[in-house]
Amino acid sequence: MHLTVDLLRTADGRLEGTVITETGREQAFSGTLDLLRILEDLQPERPGPAGTDRWSS
């Protein structure tokens with residue numbers, strides 16, 4: 001899974017930005033907890049060839 005995160009810190013120290021998935025889906029966030037919720041809700045892509053899936057253990 002590849003993600004792009006546009007991230008900035010506001011004058012009061014809050015993190016804001018956008019998470020963009022490899023399919024082009026964009027989700028804006030305002031604050032660390034929003035960012036963590038977005039990341040937690042992501043579904044792993046289908047596994048690639050053996051040994052290339054980072055989600056495997």
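Here is a tour that goes from the overall fold to single residues.

This is a predicted model, in which local features need pLDDT of at least 70 and side-chain atom pairs count only at pLDDT 80 or more, while totals for chains, interfaces and linings use all residues. Residues are numbered from 1 along each chain as its sequence is written, and side-chain values use heavy atoms, leaving out hydrogens and water. The protein has 1 helix and 3 strands, and along the sequence they follow the pattern β-β-β-α. Helices (H or I, at least four residues) and strands (E, at least two) are DSSP runs, numbered from the N terminus.

**The sheet**

- The 3 strands form an open sheet in the order S1-S2-S3, with antiparallel pairing. S1 and S3 are the edge strands, since each pairs on one side only.
- On average, neighbouring strands of this sheet are turned by 15° against each other, direction ignored. For such angles, axes are lines fitted to C-alpha atoms (for helices over the stretch in contact), and angles run from 0 to 180 degrees between N-to-C directions.
- As background, strands of a sheet pair through backbone hydrogen bonds, either parallel or antiparallel.
- Two strands count as paired if DSSP finds at least two bridges between them. Strand S1 (residues 3-9) pairs with S2 over 7 bridges, and S2 pairs with strand S3 (residues 26-30) over 5 bridges.
- Which residues stand opposite Gly17? Leu7 stands opposite Gly17 in S2, and Phe29 is the bridge partner of Gly17 in S3.

**The two hairpins**

- The hairpin of S1 and S2 has 5 residues between the strands, and Gly13 there takes a positive phi near 95°.
- The hairpin of S2 and S3 has 4 residues between the strands, and here Gly24 takes a positive phi near 95°.

**Buried residues in S2**

- Buried means under 20% relative accessible area, exposed means over 50%, and partly exposed is in between (1.4 Å probe, protein chains only). Of the 57 residues of the protein, 19% count as buried.
- Strand S2 (residues 15-21) is mostly covered, with 6 of its 7 residues buried.
- Leu15 lies in strand S2 and is buried, with a relative accessible area of 18%. Leaving out residues up to four places away in sequence, Leu15 touches Leu7, Leu8, Arg9, Phe29, Ser30, Gly31 and Thr32; contact means heavy atoms within 4.5 Å.
- Thr21 is also in strand S2. Thr21 has a relative accessible area of 15%, so this residue counts as buried.
- Thr21 is the bridge partner of Leu3. Apart from neighbours within four places in sequence, Thr21 is in contact with His2, Leu3 and Leu42.

**The helix and its salt bridge**

- H1 lies across S1, S2 and S3, and runs at about 150° to S3.
- How many salt bridges are there? The count comes to 1, where a salt bridge is a side-chain nitrogen of Lys or Arg within 4 Å of a carboxyl oxygen of Asp or Glu.
- Arg37 forms a salt bridge with Asp34, and their closest N and O atoms are 3.4 Å apart. Both residues lie in helix H1 (residues 32-41), 3 residues apart, which is about one turn of the helix.
- Arg37 counts as partly exposed because its relative accessibility is 48%. Asp34 is partly exposed too, with a relative accessible area of 30%.
- Leu15 and Asp34 are 19 residues apart in sequence, and their C-alpha atoms are 9.4 Å apart in space.

**The surface**

- The accessible surface of the protein comes to about 4700 Å², and 50% of this belongs to carbon and sulfur atoms. Accessible areas come from the Shrake-Rupley method with a 1.4 Å probe; for residues, only the protein chains shown count as cover.
- Met1, Leu3, Val5, Leu7, Leu33, Leu36 and Leu39 form a nonpolar patch on the surface, with about 580 Å² of accessible area together. S1 and H1 are the elements that give two or more residues to this nonpolar patch.
- Patches are made of residues with over 30% relative accessible area and no salt bridge: like charges are joined within 9 Å, and nonpolar side chains (Val, Leu, Ile, Met, Phe, Trp, Tyr) within 5 Å.
- Is Leu7 buried or exposed? Leu7, in strand S1, has 51% relative accessibility, so Leu7 counts as exposed.
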